[in-house]
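Open the model in your viewer and keep the selection tool at hand. We will go from stop to stop, and at each one you will find a note on what to select and what is there.

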Amino acid sequence: MKIIVLLKQTPDTEAQIKITSDGKNLDTTGLKYIINPYDEYAIEEALQIKDKNPSSEVILLSYADDSVKERMLKGLAMGADRAIQIKNEELKEIDSLTLSNILAAAIQKENPDIVFCGKQGIDDDNMHVPVMVAELLAWPHVNVVNKIEYKEKELVVSREVEGGQVESFTVSLPCVLGAHKSLNTPRYAALTGIMKAKKKPFEQKTLSDLGLNALTLQSSLQTTVDSYKLPPKKLEGKIFKGEELHTMVDKLVEHLRTEAKVL
Amino acid sequence: MKRVLVFCEQRSGNLKSSAYEAISAAYQTVNDSSQVEVAACVLGYKIETLSESLRSKGAKTVFTYDLDVLKNYNPLAYTEALSKIIDEYKPDVVLTIASPMGRDLFARVAARKKAGLLTDLISIHTEGDLLKGGTKPMYAGKVLAEVSYTKNCSLRMATLRPNSFKVLDKKQQGDTVSMKPSLSDTKSISFNSLSENEGTKVDLTEALRIVSGGRSLGSRENFKILEDCARVLGATVGASRAAVDSGYADHSMQVGQTGKTVNPTLYLACGISGAIQHMAGMKTSKIIVAINTDEDAPIFTIADYGIVGDLFQVVPLLTKKLQATL
């Protein structure tokens, strides 16, 4: 089986996100990057298929700048076979649809049986790529997947929706699946894996390698980010302490009723 | 006259009440609400009776697509059906609530129609009598982004975060259009079942009131204290990651960066210290109340009200007081 795992790098979840003084961009100085946490579940799922079918090939794919190599090496150390970076220097700006077009073009060149990715990037929280890539490939998709049952020619896939409920779908291959947290437990890269990773094939491609035209892509942008701002700082809250519990609870309820008007 | 189409979600023949928020938001996509025509659409099976409710909340024309294959969510069948309605009505803007279904469907439709899609907006902006864009939380709410459609964008789609838009009184008269064409895109994926875990409870992401617990609860049984309070408030119970990791609550109850992002009117945090990742998931709550024995707990920095005290004593007292008051 040929499996592609889409990967992106994001700032660490602990990171304090700063904005440039003109508000137009994020200030990325000093930010530590990691593999988008949900993508790790995608990598693990691909590797579990490979564990059961050793002749399978797991390919990591990312549209990014050269610093993504660090993240790719981690995925290769976990057990992926090769990595492809599509260099992102040619486009000044990108949106989900443009990115999905680029990824779909790269996927088509590889002709895999299945594509895994994380359900969303923890940066934009959009949940667009798994769905849009599938549409552009004309493949079925299921996003927010927490369980997969592998059958002969199809998969039975569980998708988490609201209220803790789960929708079950039967999907034929090829398809795109977006991994959610409870899908599996990502493995740690063993030391031997880390050594082997550096020797595994790492390819860099440009947009024209994929048969795409940068100008055409740039001019077909549908959405854009105009500016960023920090959420409004809250006014200092009324914190009750040191009084009798009954009194504090009464005061709280009174405030919620008459001042905040939420009761 | 601008045309806005609102996709209204139904499950098991029941319209999601959050759909009305999207219909009301449709009227806010223009400066002068007399300059916009709002249509609603609903996909499903045996859903004819839903039109009137939609009209009572502001939809003029209601498109229904009533087919067995649409009874439950199917990404391909729903994408094909909504695309056909868009081709029929030719709207300038298409809106829905950013529920799991809404987000999934709109991403696929946007790719099919080469539309611009803005997701999970907490507010919208109008310019020149057309929806220009809006505000969307990023990095689990650590940053707000002002996003917009480019000049090239001919079809503007958006999903709106639940509880961000008020439901307005906008009764309308209009027609119901029953879509007839059969759908072809139904083979490669089929719906099997929906497991009814907590079927009737309001999902955290759409809840107006939430009572949430941290690791201090100490056990799954102790969460009953929060359930009692939630019952009186008509609230949904949530949990911090620490509580979930300790096995005191299910992952589906987790609020935070790697759990659910919530936007309630009232968020009651009991024994939750307030890790950055937790706060990222509930910061936009209108009123935050914190109960914690540690007065230096970070949660107090974002709380509107709080009590420094033991939740095991405070919460039952609160439940009793609320029972008497509400």
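Predicted model: local features only at pLDDT ≥ 70, side-chain atom pairs only at ≥ 80, totals over all residues.

## Starting in chain B

Setting aside residues within four places in sequence, Val6(B) contacts Ala22(B), Ile23(B), Ala26(B), Val38(B), Ala40(B), Ala59(B), Leu95(B) and Thr96(B). As background, nonpolar side chains in soluble globular proteins tend to be buried together.

Staying in chain B, move to Asp120(B) in strand S7, residues 116-121. Asp120(B) is not a glycine, yet its phi is positive, near 65°. Is Asp120(B) buried or exposed? It counts as buried because 25 other C-beta atoms lie within 10 Å, and the cut-off for buried is 20 or more.

## A covered helix in chain A

Next, select helix H4 (129-137) of chain A. How many of its residues are buried? The count is 9 of 9, so H4(A) is mostly covered. Those buried residues are Val129(A), Pro130(A), Val131(A), Met132(A), Val133(A), Ala134(A), Glu135(A), Leu136(A) and Leu137(A). To see what covers them, show strand S1 (2-6), H3, S8, S9 and S12 of chain A, and include helix H4 (100-113) of chain B.

In the loop between strand S8 (114-118) and H4 of chain A you will find Met127(A). Met127(A) has a positive phi of about 65° although it is not a glycine, and it counts as buried, with 26 C-beta neighbours inside 10 Å. Following H4(A) is Ala138(A), whose phi is also positive, near 60°.

## Where the chains meet

Now colour the two chains separately. Across the interface, 70 residues of chain A contact 79 residues of chain B. Several elements of chain A give two or more residues to this side, among them helix H3 (96-110), strand S9 (141-150) and strand S14 (223-229). Which element gives the most? That is H7(A), with 10 residues. By class, this side of chain A holds 32 nonpolar, 23 polar and 15 charged residues.

Zoom in on S14(A) alongside strand S10 (residues 143-149) of chain B: the two run antiparallel and are joined by 6 bridges. For one of the pairs, select Lys229(A), whose bridge partner in S10(B) is Leu144(B).

## Further stops in chain A

Go to the loop between S11 and strand S12 (175-179) of chain A, where Pro174(A) is found. The peptide bond joining Leu173(A) and Pro174(A) is cis, with omega about -5°.

Then try Met78(A) in helix H2, residues 69-78. It counts as buried, having 23 C-beta neighbours inside 10 Å. Not counting residues up to four places away in sequence, Met78(A) touches Ile43(A), Leu47(A), Arg187(A), Ala189(A) and Gly193(A). If you have a distance tool, draw a line from the C-alpha of Met78(A) to that of Leu207(A): they are 129 residues apart along the chain and separated by 28 Å.

To finish, zoom out and colour chain A by its domain assignment, with domain 1 at 2-219 and domain 2 at 233-263. How far apart are the C-alpha centres of these two domains? They lie 46 Å apart.

Notes: Residues numbered from 1 in each chain as written. Chains lettered and ligands numbered in written order. Contact = placed C-beta atoms within 7 Å. Domains from an automatic or database assignment. Helix = DSSP H or I, 4+ residues; strand = E, 2+ residues; numbered from the N terminus. Nonpolar A, V, L, I, M, F, W, Y, C, P; charged D, E, K, R; others polar. Pairing = 2+ DSSP bridges. Buried ≥ 20, exposed ≤ 12 C-beta atoms within 10 Å, placed from the backbone.
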